[in-house]
Number of protein chains: 2
Amino acid sequence: MDLTTLIGMLAAACTTFAFFPQAYKIYKTKRTQDLSVPMYVIFSIGILLWLIYGIIINNLPIICANAITFIFCVYILAMMVKNKGEIK
Amino acid sequence: MDLTTLIGMLAAACTTFAFFPQAYKIYKTKRTQDLSVPMYVIFSIGILLWLIYGIIINNLPIICANAITFIFCVYILAMMVKNKGEIK
């Protein structure tokens, strides 16, 4: 593997698994008040589009990275919706 | 432009500008308590690596998207550090 590919893979790993500590924090604290709902809605749509793009061009790294990120985002969004319901 | 490229560009636009509502929310509320510091540290490293990757392969969309996202992430991280300082 050349250095460029390695940098790309490291980049993808970072932007994918970065959402794990946020999801874990929400799991522990049950708090989502300071998080932006529009951010996670727009971001999830973006990730879903990346996933479709990856499937069309048949690129496994794009598919895998975005599938994992999508799971984290859906969890974070679900917790936001749950918290909004409880606030009301 | 074909449909595949359009989907890719829409995906990039969503995952880039998704951070704007989060940055704006922090600007308005000055609150970052529920946000995960490790998430934004890892994510910013990832975005920086994407930027380097984009420069190496000379891909303007990758460079532009990640440069914008990086600015949002640095602002969010800076506000987190500022808030941590104030809590102490």
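This report describes the aromatic rings of a predicted model and the relation between chain A and chain B.

**Aromatic pairs**

A pair of aromatic rings is described by the distance of the centres and the angle of the planes. Over all chains, the count comes to 15 aromatic pairs. In the pair formed by A:F43 and B:F19, the ring centres are 5.6 Å apart and the planes stand at 80°. Because planes over 60 degrees apart count as edge-to-face, this pair is edge-to-face.

The two residues belong to helices of separate chains: A:F43 lies in helix α3 (residues 37-56) of chain A, and B:F19 lies in helix α2 (residues 19-29) of chain B, so the pair joins two chains. Both A:F43 and B:F19 are buried. These two residues also belong to a cluster, linked by ring pairs, that contains A:F19, A:Y40, A:F43, B:F19, B:Y40 and B:F43.

**Charges over rings**

In each chain a lysine lies over the face of a tyrosine ring, as the table shows.

| Lysine | Tyrosine ring | Distance from the ring centre |
|---|---|---|
| A:K30 | A:Y27 | 4.6 Å |
| B:K30 | B:Y27 | 4.6 Å |

**Relation between the chains**

The same surface serves both copies, since 100% of the contact residues of chain A recur in chain B.

Definitions and conventions: Residues numbered from 1 in each chain as written. Chains lettered and ligands numbered in written order. Predicted model: local features only at pLDDT ≥ 70, side-chain atom pairs only at ≥ 80, totals over all residues. Heavy atoms only, no water. Phe/Tyr/Trp six-rings, centres within 6.5 Å; stacked < 30°, edge-to-face > 60°. Helix = DSSP H or I, 4+ residues; strand = E, 2+ residues; numbered from the N terminus. Buried < 20%, exposed > 50% of the residue type's maximum accessible area, 1.4 Å probe, protein only. Lys NZ or Arg CZ within 6 Å of the ring centre and 35° of its normal. Contact = heavy atoms within 4.5 Å.
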